[in-house]
Amino acid sequence: MARIPARTAAEFVPEDADLAGLKDAARSCEGCDLYLSATQTVFGDGDPDARVVLLGEQPGDQEDRRGQPFVGPAGRVLDQALVDAGIDRSRAYVTNAVKHFKFTRPERGKRRLHKTPNRAEILACRPWLEAELALLEPELLICLGATAAKAIFGPAFKVTEQRGIPLPRPNLGERSEHAGKRSEHRPAPVVVATIHPSAVLRAENQDEVYAGLVADLRVAADVLT
Ligand code: SF4
């Protein structure tokens, strides 16, 4: 059982809110210290009736400035990969395990460099993800990268070994006031993990890494058919 940090987003998550209400409330979240240096909360965005949820790690520099998930360079890779895999982003919901941008600044220059959120920050932010998933009840959750996959399956999960495989979605302990709408006729939720699209941008063999991302997303697309 994961140890829950003393301070989390739980007290900021409103009861009985819809997605718009959650998004609005998340603007004021102080569930961990990441809100202190980021520009704004970057909440999930997309189709409220989505069958598929795409889960990333955290907003990047451009997402932090614009307030929307996956709108920077990695988002453009994701968009193309979704097209190539036959998944319609406009009918999906896109979010992150952590809703504020974590970064460091090098000694020289103004660039903000991505820093991976730690386990305590992921757990602190999880009440938002639980509330999103409880409202959306997606048939398919696609975890983009190790942080997203570990947020769902726990720290022992290895994307390198288990990517591109449909797996049963564990229950995160979604709050009962949001959960419970699932029809008996809807299929059990499935998770497919793959790499984060930013890995394509960092790779020397970009074509090969991109092809692997698309192959995993095609496995995910088959879950929806
Ligand atoms: S990262 Fe999550 S828990 Fe931390 S302040 Fe932002 S929204 Fe709240």
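Please keep in mind throughout that the model is predicted.

Six strands form an open sheet with mixed pairing, and their order is 1-3-2-6-8-7. Strand 1, residues 45–46, and strand 7, residues 167–168, stand at the edges; each has a single partner strand, so one side of each is left without a neighbour in the sheet.

Strand 2, residues 52–56, runs parallel to strand 3, residues 92–96, and five bridges join them. Within that pairing, Gly56 stands opposite Asn96 of strand 3. Strand 2 is also joined to strand 6 by four bridges, and these two strands likewise run parallel. Here Leu55 has Cys143 of strand 6 as its bridge partner. Strand 6 in turn runs parallel to strand 8, residues 190–194, through five bridges. Leu141 is found opposite Val191 in strand 8.

I turn next to the ligand. Which residues surround the ligand? They are Ala9, Cys29, Gly31, Cys32, Tyr35, Val98, Lys99, His100, Ala124, Cys125 and Trp128. Sorted by class, this shell holds eight nonpolar residues, two polar ones and one charged one. The ligand takes up the space of the largest cavity. The count of cavities of 30 Å³ or more comes to one, and the largest cavity holds about 100 Å³ of space. Its lining consists of 13 residues, and those nearest the centre are Cys29, Cys32, His100, Cys125 and Trp128. Helix 4 supplies the largest share of this lining, with three residues. The lining of the largest cavity divides into eight nonpolar, three polar and two charged residues.

The largest pocket is the next topic. Its volume is about 680 Å³. Of its 27 lining residues, Gly60, His114, His196, Ser198 and Arg202 are the closest to the centre. Two or more lining residues come from each of helix 2 (61–66), helix 3 (73–85), strand 5 (113–114), helix 5 (146–153) and helix 7 (198–202). Which element gives the largest share of this lining? Helix 7 does, with four residues. By class, the lining of the largest pocket comprises 10 nonpolar, 11 polar and six charged residues.

Finally, I come to the backbone. Most residues other than glycine have a negative phi. Asp16 is not a glycine, yet its phi is positive, at about 60°. Asp16 lies in the segment before helix 1, residues 19–26. Glu137, also not a glycine, has a positive phi of about 45°. Glu137 belongs to the loop between helix 4, residues 119–136, and strand 6, residues 140–144.

Are these two residues buried or exposed? Asp16 has a relative accessible area of 63%, and because the cut-off for exposed is over 50%, Asp16 counts as exposed. Glu137 has a relative accessible area of 8%, and because buried means under 20%, Glu137 counts as buried.

Note on methods:
Residues numbered from 1 in each chain as written. Predicted model: local features only at pLDDT ≥ 70, side-chain atom pairs only at ≥ 80, totals over all residues. Heavy atoms only, no water. Near = heavy atom within 4 Å. 1 Å grid on protein atoms, 1.4 Å probe; cavity = no way out; pocket = protein on both sides within 12 Å on 5 of 7 lines; lining within 4 Å. Sits in = over half its atoms within 2 Å of the grid points. Nonpolar A, V, L, I, M, F, W, Y, C, P; charged D, E, K, R; others polar. Buried < 20%, exposed > 50% of the residue type's maximum accessible area, 1.4 Å probe, protein only. Points joined across faces, edges and corners; volume = space filled by probe spheres on them. Pairing = 2+ DSSP bridges.
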